[in-house]
Amino acid sequence: MVTAATAFFAAGLLQTGAAPDLADTVVDTVVDTVGDASLVVFDEPQPGRQTSVTMATKVNAQAQALRALLTDPAAYRRAIPAFVKADVLPAPKSPQSPDARFVAWELEIPLWNLKGKLWLKPTAAGVDLELIEGDFAPGLFHITVRQRAHDTLLTVAARANVRDVNWLTRRLVARHASMEPAMTAAATWVLMRAFTLDSEHGHRSTAALTPPTLADLDTRPLGTATRGVFGDRLVVGLVRSKPDGRLAHVELAVTARRSPAGVARQLTDSTTWRALPGWQRAKMKSALPLTWDVDSNLAFVDFDALWTVSPGPPFRARSTGDWSGAVMGWDLSPASDASACLAIFSMHPRLDKTGYLPRKFIEAEPLLEHGLALGLGYVNAVALVRALEKAPAPPH
């Protein structure tokens, strides 16, 4: 029987924001330009609605075989071991498609078990997962599979009620509104990458977690592929993996309403970085080499570190101390509007070194090394750019 809560959540789906309309030709051009990376597009946040996240990745498997996996509830338990339950229930009376299945699911993660009910609805191009009851509801994962000449393109457009999952998610979203789409992105990445690996008969990496060198933070392909394509309101990113499957780094492109020179000057002021959630203190420790002392924390995550900074351009920084090995950078280039610039933030946050809970998440699900880095990169990029735009313009 459909409960009152189920009916309420189903109605709520109609009030959430739709994913940005990305033409196949645009997605194809971008994913083929950026090489071996997954594309991520964050929609523009709007008050009172969920922010949608769209991802696309190339898969070395036939589209028909991948679609068969995505429409099989049992495949979710195999592809994502944290799923301890994905049971088909007797379908309640509902105007769903004849092939739709009513599924009770449960996800076991460190400290919590998440559970709920969803409609798994096969479509001509893939499957829709409509979360109607329990955790993440209301929510929708619209998954499409498209055969191309040399590979298959897997696309996931997602929105979910991540804010109300538990006290930790509510605390994070209260800290910064961008945390909700960031957490949606982390979950979406795990889903997309898990089915990519399953269809390719691949496995999660067990290689050591290591950061890239500063020279590896090359964002030029992302800038080339996205400049003037997606418009100013969307944040566009990439997740890059190493050949061994571990995280290489993430990249997030944000349009900033400042000139490249103006943003570059602001980035070298350590106090500007206090705009990042959790960065309670950021001050210059020495001028040669330029070193910042950062004291920060964010709900089970400890970011205290010394950052050695190369102002550039391009801006690059590496952390030492307890949070050793994390790297980040900014690449700035003119936008179509002369008063703006395309600001691309890149990072490898070494979340495995920031506290017990992130380390346990990554141990339980190695794909969260990428997913959590993507979410954190999005929050940092948006928070810093919006703070720069509001601050007084620095003197020339």
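Me: Before we look at this predicted model, what does "buried" mean here, under which relative accessible area?
Reply: Let's start with the cut-offs, since we'll need them soon. A residue with over 50% relative accessible area is called exposed, and one in between is partly exposed. Buried means under 20%.

Me: OK, so is F136 buried or exposed?
Reply: First find F136, which sits in strand 7, residues 136-147. Its relative accessible area is 18%. The cut-off for buried is under 20%, so F136 counts as buried.

Me: And what is the phi of F136?
Reply: F136 is a residue other than glycine, yet its phi is positive. The value is near 75°.

Me: H201 has a positive phi too. Is H201 buried or exposed?
Reply: H201 isn't a glycine either, and its phi is about 60°. You'll find H201 in the loop between helix 6 (179-199) and helix 7 (220-226). Its relative accessibility is 69%. Exposed starts over 50%, so H201 is exposed.

Me: Now for peptide bonds. Which residue is joined to P289 by a cis peptide bond?
Reply: Look in the loop between strand 11 (279-287) and strand 12 (290-296), where P289 lies. The cis bond there has an omega of about -10°. The partner of P289 in that bond is L288.

Me: What is omega for the cis peptide bond from G312 to P313?
Reply: Go to the loop between strand 13 (305-310) and strand 14 (315-320), because that's where P313 is found. The bond running from G312 to P313 is cis. Its omega is near 10°.

How values were computed. Residues are numbered from 1 along each chain as its sequence is written. This is a predicted model: local features need pLDDT of at least 70, side-chain atom pairs count only at pLDDT 80 or more; totals for chains, interfaces and linings use all residues. Side-chain values use heavy atoms; hydrogens and water are left out. Helices (H or I, at least four residues) and strands (E, at least two) are DSSP runs, numbered from the N terminus. Buried means under 20% relative accessible area, exposed over 50%, partly exposed in between (1.4 Å probe, protein chains only).
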